[in-house]
Amino acid sequence: MDPLVVTLVLDAATTARLDAERRALFPPGRTAVGAHLTLFHAVPGERTAQVLADVAEQARRPPFDVEVTGVVRFTRGVAYRVASSQLVGLHRELQRAWRADLTAQDRRRLQPHVTVQNKTTPEDAAATAARLSAAFAPSSARAEALAVWRYVGGPWQPVERFAFHPGTTRPG
């Protein structure tokens, strides 16, 4: 069964801005999905029912702010770094619940980011990082939901989206 991807959904204005940058900066034909902040890259698809239940439980919280704090350069791409103690805590709770089933990548400490360029040359990534860094100003975004996707060898198929709920708190 195809693995599951779990992402954080940001507010519509931030997502639209990041999607536009992603479309402009990715090599043509190399992006299969829009802008996203991945929390888990490959949770076993056989665990779908449990994953959906756990994600629904984590979504029983109010929306929260995240800070876009800087530009990150990768060898073949560029991203915006995101900071939020609430996001890190949410991730840790899901990590604990799924630990036995996670890949090495998904067991690591979360380094939240939204990739706006990938699969390019190192030279292009360096130039993009320099350009984005020169124009960068820190900003806030609103975390509005968690989304579960099925990875089908490139494109992702939506499975379910769980909106955060203003005025609620998680039991426990």
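Colleague: How many salt bridges does a search of the whole structure find?

Modeller: A search of the whole structure finds four salt bridges, a salt bridge being a side-chain nitrogen of Lys or Arg within 4 Å of a carboxyl oxygen of Asp or Glu. This is a predicted model, in which local features need pLDDT of at least 70 and side-chain atom pairs count only at pLDDT 80 or more, while totals for chains, interfaces and linings use all residues. Residues are numbered from 1 along each chain as its sequence is written, and side-chain values use heavy atoms, with hydrogens and water left out.

Colleague: Which residue forms a salt bridge with R17?

Modeller: The partner is E21, with the closest N and O atoms 3.1 Å apart. Both residues lie in helix α1 (residues 12-25), four residues apart, about one turn of the helix. Helices (H or I, at least four residues) and strands (E, at least two) are DSSP runs, numbered from the N terminus.

Colleague: Is E21 buried or exposed?

Modeller: E21 counts as buried because its relative accessibility is 18%; buried means under 20% relative accessible area, exposed over 50%, and partly exposed in between (1.4 Å probe, protein chains only). R17, at 36%, is partly exposed.

Colleague: Where do D65 and R142 lie, the pair that meets in a salt bridge?

Modeller: Their side chains meet at 2.9 Å, N to O. D65 is in strand β3 (residues 64-74) and R142 in strand β6 (residues 139-151), so the pair links distant parts of the chain, 77 residues apart. D65 is partly exposed at 43% relative accessibility.
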